[in-house]
Amino acid sequence: MPQFSKSVRVPYNGEQAFELVSDIRRYPDFIKWITAMRVSDEVRKPDGSFDCVGEAVVGFKGFVERFSTRVEGDPEEGVVTATLIKGPFRKLKAQWRILSADQHGSDISLNIDYDFKNPFIGMLAAANHDLAVSKIMSAFMAEAGRRYGAGAS
């Protein structure tokens, strides 16, 4: 069962990084293979934590899949976690961790543990997961640059 992770230091503070990662409604705006995202059952608490269901449509090289995840975010802990509700996976857990290094930067890590139901799709994903993670991180960095400029504010 494939698992992968990637960590980067970014020139954005923890609050900015958390805001970006937890803004799942806008993922289709900057991650090109997420073609649609619907958010439902959203509950936001006064401390900024939240819980919702994210229903994504993903298209990549002729494949189109839909899946749903329970997404939970806790800004105090700097964690956003998505766990599988339904879709083409046997299991899926994606977790972002944001650690403020200082007011001008953060360390962000993305850990994904997944297993596709379809072995062919699973083999394709396993063969390309390093590239996929790099593209995900690049998409987030580009979006952070658009939202926040070249560095922390």
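Tutor: Helices (H or I, at least four residues) and strands (E, at least two) are DSSP runs, numbered from the N terminus. In this predicted model, local features need pLDDT of at least 70, side-chain atom pairs count only at pLDDT 80 or more, and totals for chains, interfaces and linings use all residues. Residues are numbered from 1 along each chain as its sequence is written, and side-chain values use heavy atoms, leaving out hydrogens and water.

Student: How many helices and strands does the protein chain have?

Tutor: Three helices and seven strands. Their order along the sequence is β-α-α-β-β-β-β-β-β-α.

Student: How do I read a salt bridge, and how many are there in the whole structure?

Tutor: Side chains of opposite charge can pair when their charged atoms come close. The criterion is a side-chain nitrogen of Lys or Arg within 4 Å of a carboxyl oxygen of Asp or Glu. The whole structure has 13.

Student: Which residue forms a salt bridge with D107?

Tutor: R9 does, with the closest N and O atoms 2.6 Å apart. D107 sits in strand 7 (residues 105-116) and R9 in strand 1 (residues 3-10), so the pair ties together parts 98 residues apart in sequence.

Student: Are D107 and R9 exposed or partly exposed?

Tutor: Buried means under 20% relative accessible area, exposed over 50%, partly exposed in between (1.4 Å probe, protein chains only). D107 is partly exposed at 27%. R9 is exposed at 57%.

Student: Which salt bridge does R147 form with D23 in terms of N to O distance, and what network includes them?

Tutor: Their side chains meet at 2.8 Å, N to O. Salt bridges that share partners join D23, R26, D29, E143, R146 and R147 into one network.
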